[in-house]
Amino acid sequence: MREQDRWDRTGIGGLGTFCPDKVVRGRKSLTTMGCLNHFEEVHVVLGNESCDLDSAVASVVTAFLLHQKKSELKCAVLPVLNIVRRDFRLRTEVTFFLQKTNIPFDLLIFKDEIDLEKLRKEKRLCLTLVDHNVLSADQQCLEEAVVRVIDHHKLECRDRRMRCDMTVEMVGSCCTLVAEKMFTTCPSVIDQQIAMLLYGTILLDTVCLLKEAKRATEKDINIVIKLETKLEKVTRIEVFEALQKAKFDLSGLTFEEMLRKDLKVVEGNKFRIAIPSIPGFLEDLKAEPKLSIAMEEFITQNNYHGLVIMTIHHNSETRKVQRQIAVYSPDPVIKEQIVNTLKGAQDPGLELEPLHLGISDLMSFNQRNIAASRKVVLPLVRSFIQESPVSSHSAKGSKIPTSSSYFFHSFHTNALTRVPTSFLKHNHKTKLSVSMFSRHKFIPKSNTTLTFLLKFLKILK
């Protein structure tokens, strides 16, 4: 049976194709920004620059929550995904899950479709940050507009406490904190659609609450249990495995696209360090003979000075999680400094063991502390950038894109290699199907989040 036929039999198939003309026209009007002139205040909920599932869902659901509180017509509440629209297809788990939960892609707003800096200059912008608490270098100009933070990463920007509503707690998923706020302030609006969005995201972020993964906290577990009371006959492992397979689907991606699929960038002191997270093992990269050239091109074309590649592999049979980390830079001084920073990390330490792959210019390690995800590595790299003197000629001579050039920056993929086939063997052989989705129709009759987005975009028409 074809995959689409299986979805159609449940009554869920084709939900992602609902795209009336009004919605399309509404999105186009957002691009021109003229529609927003009718509002005295534009409250934007902005996720982080990786736009993973946690960030995307936290943005949409938090915007819906704020919409419930801001009934005045002079205030617009918008969830904004912090990537350019053309990169959205690379977020395979996000596109998969939003489609299955009845969120049409044309309703979504991306950072290249709204001029946040213009709104700030007009003093009409209010900003809620979700799933991060430090603005990227190209968005630092928006700092004065930040009024709220909901995040599960280490707090790095502490000077907002006097003017912001801060919810920062090291739980497994930002959506855990969003769900907690909803249960506390307006539990009656949590329908099956919102519950499933939050539920699946938390399970993916915490590796299905797996104890061995050391990601889930007691709060994550309690919120998942509460969300299950809003859902009908769901099975945790089936929801998790569907999202896991979607996330790890790298078929058809170039090496550059694989790096951009889940990428965060740390900038400062004339340095730019890229930190991609990719599924699988570093050993699989050995199958690519032009890997060093591809890494150098990725660094050069995007004005990066270093590349910290983090990999994760989850064995569904043994329930074992493995992490690896590798550092690349064309400048040996920068590469050594980054490696020393990672090796010297304490509380928590990464517990790195050298991994000899024989890949030129790539320093690789097994990471024994599997609980140390990228949210632990990010502040380490940021501390390296802030504390290290700019001693490298490459750092002195490079240019960091401005906000506008960053939005419309063109990535060139002509010379880049395809993803090694050995890398794909761990990830895309299994079809993106879930028996839970096939057996149970979890989409509610009335889609609250969808209705909210449709209502607002209709106003923007």
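View 1. The model is predicted: local features need pLDDT of at least 70 and side-chain atom pairs count only at pLDDT 80 or more, whereas totals for chains, interfaces and linings use all residues. Residues are numbered from 1 along each chain as its sequence is written, and side-chain values use heavy atoms, with hydrogens and water left out. The loop holding cysteine 51 runs between strand E1 (41–46) and helix H3 (53–69); helices (H or I, at least four residues) and strands (E, at least two) are DSSP runs, numbered from the N terminus. Phi of cysteine 51 is near 50°, a positive value in a residue other than glycine.

View 2. Cysteine 208 is situated in the loop between helix H7 (192–205) and helix H8 (218–228). Its phi, near 60°, is positive although the residue is not glycine. With a relative accessible area of 11%, cysteine 208 is buried; cysteine 164, at 12% relative accessibility, also counts as buried. A disulfide is taken as a pair of cysteine sulfur atoms within 2.5 Å, and the count by this rule is 0 disulfides.

**View 3. The open parallel sheet.** In the order E3-E2-E1-E4-E5-E6, 6 strands form an open sheet with parallel pairing, two strands being paired if DSSP finds at least two bridges between them. Strand E3 (109–110) and strand E6 (165–168) are the edge strands, each pairing on one side only. Strand E5 (residues 146–151) and E6 are paired in the parallel sense over 4 bridges. Within this pair, isoleucine 150 stands opposite threonine 167 in E6.

View 4. Helix H6 (residues 174–185) lies across E4, E5 and E6, and runs at about 110° to E5.

**View 5. The cis peptide bond at proline 348.** Aspartate 347 and proline 348 are joined by a cis peptide bond, with omega about 5°. Proline 348 belongs to the loop between helix H12 (332–343) and strand E11 (352–355).

Technical notes
Buried means under 20% relative accessible area, exposed over 50%, partly exposed in between (1.4 Å probe, protein chains only). Contact means heavy atoms within 4.5 Å. Axes are lines fitted to C-alpha atoms, for helices over the stretch in contact, and angles run from 0 to 180 degrees between N-to-C directions.
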